[in-house]
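Here is a short briefing on the fold. Please keep the sequence and the model at hand.

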Amino acid sequence: MLNSLSTATYNSTSAAIKSLKMANQLPTTMQAITLPSDPKYNFQNPCKAADLSLTSRPFPVPSPSQHLIQIHSVSISPYELTWAGSYPPFHRLPYRIPCHDIAGTIISPPASSPFKPGDRVVAFPHWGGQGGLAEYAAAEASEMAVIPDGIGFGEASSLARAGLTAWQALEVHLGKLGGGVEGRRVLITGATGAVGRVLIQLVRRKIGKGKIVAVGGAGIETLRELGADVALHHREEWADVVKKEGLVDVLFDCIGGPTLIKCWDLLAHSASVITVGTPAPKDLNINNIEGFSEASKTKNVKGLFFILSGNGGQLAQIMSLVKSGDLKSSISLRVPFTENTVRNAWTKGENGGLSGTVVVDVRNGH
């Protein structure tokens, strides 16, 4: 977790950073876009994108195991303003910097780190600490991976959250339900979003003669290029079409709420359901979702809700797929690091209509 200079525990890394500051090589403050500190805001009464503000904040000092990173690009998760972790008491930070999908250059690593100064890295720091919508941030070695040559900072940051969520849904959590995707019928909701677009590509690599049905919004016409067999707009009577195509064996749900409930009748016997939709099920338990208990009893359906976690090893594999051409990023909108452009881009993301990720270029260059 990032700490202010007044509360930092100085170790060899922070001492080195301090000496650089004294030599005027690093600043004592940085620019950051933060959520409002007004206690009236919480996950039940979240702030709006218009409440985000560009301010001067203390320069971060990493913990003994963290790396200081100069941020080049970050990606926006529009619904982050509604997440409980964005507000006290779920974090104990004096202020909140959002956006944990970061890409940048290492300034100072711990002595035992496998990374070195100047390494280009992509990271997904823990939710409990500060995000990366700022000039600098900190991350653990276990949360980041080197960006291969030929991949830009914006492209890398756009795949941090989206890539990890899709990877963990397919490669980690689906296995817990005792299933896979090879030869099966797979339904992906929210397929035109950042996570959905990655999921289509990852599933296509493993599904063989199975079938991918994707439901999304703007950009639906591009999903076949990514590997979907059937692409349906959510404003159509998509559930009827899916049912005619055949009941599905695996559901990856990126929307939640009424969309998820609408899917119960589309599930085959012993189907598997993975959801990351918001709002999260009560107590993070999918059994509390309306209609699921009945579906699980009558059809032997198994389900799981999860929240992603940072994982440098998985990020490295995701970057390797990008490098080989087996995975494409989907950047819908790219904006500079100013208060107004970030507010406007965030609002567009909240309102929908974007196909892919919103990237903020904190530093010039890609």
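Helices (H or I, at least four residues) and strands (E, at least two) are DSSP runs, numbered from the N terminus. This is a predicted model: local features need pLDDT of at least 70, side-chain atom pairs count only at pLDDT 80 or more, and totals for chains, interfaces and linings use all residues. Residues are numbered from 1 along each chain as its sequence is written, and side-chain values use heavy atoms, with hydrogens and water left out.

**Helix pair**
- H3 and H4 pack at about 45°, with axes 8 Å apart. Axes are lines fitted to C-alpha atoms, for helices over the stretch in contact, and angles run from 0 to 180 degrees between N-to-C directions.
- Residues of H3 including Arg161, Trp167 and Leu170 meet a set in H4 with Val195, Leu199 and Val203 among them. Contact means heavy atoms within 4.5 Å.

**Open sheet**
- Six strands pair in parallel, in the order S10-S9-S8-S11-S12-S13. Pairing takes at least two DSSP bridges between two strands.
- S10 (230-233) and S13 (302-305) are the edge strands; each has a single partner, so one side of each lacks a neighbour in the sheet.
- Neighbouring strands are turned by 15° against each other on average, direction ignored.
- Helix H6 (residues 238-245) packs on this sheet and touches S8, S9, S10 and S11. The direction of H6 makes about 160° with that of S10.
- S12 (residues 267-275) and S13 run parallel, joined by four bridges. Val273 stands opposite Gly303 in S13.

**Antiparallel pair**
- S3 (residues 66-76) and S6 run antiparallel, with five bridges. Leu68 has Ala138 in S6 as its bridge partner.

**Nonpolar cores**
- The largest core has 49 residues, and Val203 and Phe252 have the most contacts inside it. A nonpolar core is a set of buried Ala, Val, Leu, Ile, Met, Phe, Trp, Tyr and Cys residues joined through side-chain atoms within 4.5 Å.
- H3 gives the largest share of this core, eight residues.
- Phe252 touches, among others, Leu170, Leu199, Val203 and Ile274.
- Another core, of 39 residues, lies apart and includes Cys47, Ile71, Tyr136 and Val342.

Definitions and conventions:
Buried < 20%, exposed > 50% of the residue type's maximum accessible area, 1.4 Å probe, protein only. Lists of a residue's contacts leave out its neighbours within four places in sequence.
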